Amino acid sequence: MLRTLFLLTILAGALTDSALAQAPDAGCALPSEPKGIPAAIDAAITGPADKDRACMKALLIPEARMMFVSLGADGAPTYTLETLDDWIARVKARGHIMLEEKQLKFQIERYGNIAHLWSSYSLSSDGKQAARGINSIQAIKEAGGWRVTGIMVQAESATAPLPKKYLP
């Protein structure tokens with residue numbers, strides 16, 4: 001009897017430790033409304049390039065894709081499609097540089113449990129502006145809050161400057 005009680009205590013402790021290890025950090029709480037998604041993305045990206053990306057993984061569904069649209073050398077549109085793990089590896093390779101992403105202005109279209117956010121952003125690297133552009137963000141409401149299902153990004157360029165209506 002004592003041995004069974006001892007084993008149950010150890011098992012309960014192991015399960016509790018496992019549950020605590022999988023629980024998202026309080027800073028990783030999912031947004032309760034779509035208007036919280038831009039700030040959650042900014043917080044998940046901002047910091048050292050090689051930081052832990054647990055919040056980014058909590059915010060995006062596992063199947064999420066990130067598409068980066070640009071212009072090829074011939075001026076034709078082209079894109080790169082990445083999984084979240086691809087993006088994390090690419091960003092992590094930049095080392096300890098500090099990144100800061102800030103959504104400048106956004107608008108939301110929502111119907112029931114789906115939402116689309118159109119957001120202008122600014123990205124700084126070690127305190128210097130590295131890029132500005134548009135994020136097209138799709139999200140879905142789940143039991144714990146809103147999660148991103150995909151992000152399409154196009155950085156501003158000389159041939160495609162950000163229109164004034166997307167600037168603060």
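A salt bridge here is a side-chain nitrogen of Lys or Arg within 4 Å of a carboxyl oxygen of Asp or Glu, and that rule gives a count of 5 salt bridges. This is a predicted model, where local features need pLDDT of at least 70, side-chain atom pairs count only at pLDDT 80 or more, and totals for chains, interfaces and linings use all residues. Residues are numbered from 1 along each chain as its sequence is written, and side-chain values use heavy atoms, with hydrogens and water left out.

**View A. Arg-90 pairs up with Glu-82.** The closest N and O atoms of this salt bridge sit 2.8 Å apart. Glu-82 is buried, at 9% relative accessibility, while Arg-90 is partly exposed at 42% (buried is under 20% relative accessible area, exposed over 50%, partly exposed in between; 1.4 Å probe, protein chains only).

**View B. Glu-33 meets Arg-110.** Their side chains form a salt bridge at 2.9 Å, N to O. Glu-33 is in the loop between α1 (2–22) and α2 (37–45) and Arg-110 is in strand β4 (residues 98–111), so the pair ties together parts 77 residues apart in sequence (helices, H or I, are DSSP runs of at least four residues and strands, E, of at least two, numbered from the N terminus). Glu-33 is partly exposed at 35% relative accessibility, and Arg-110 is partly exposed at 43%.

**View C. Glu-156 reaches Arg-132.** Here the salt bridge spans 2.9 Å, N to O. It links distant parts of the chain, 24 residues apart: Glu-156 is in the segment after β7 (145–155), Arg-132 in strand β6 (residues 128–142). Glu-156 comes out partly exposed at 27%, and Arg-132 is partly exposed at 23%.
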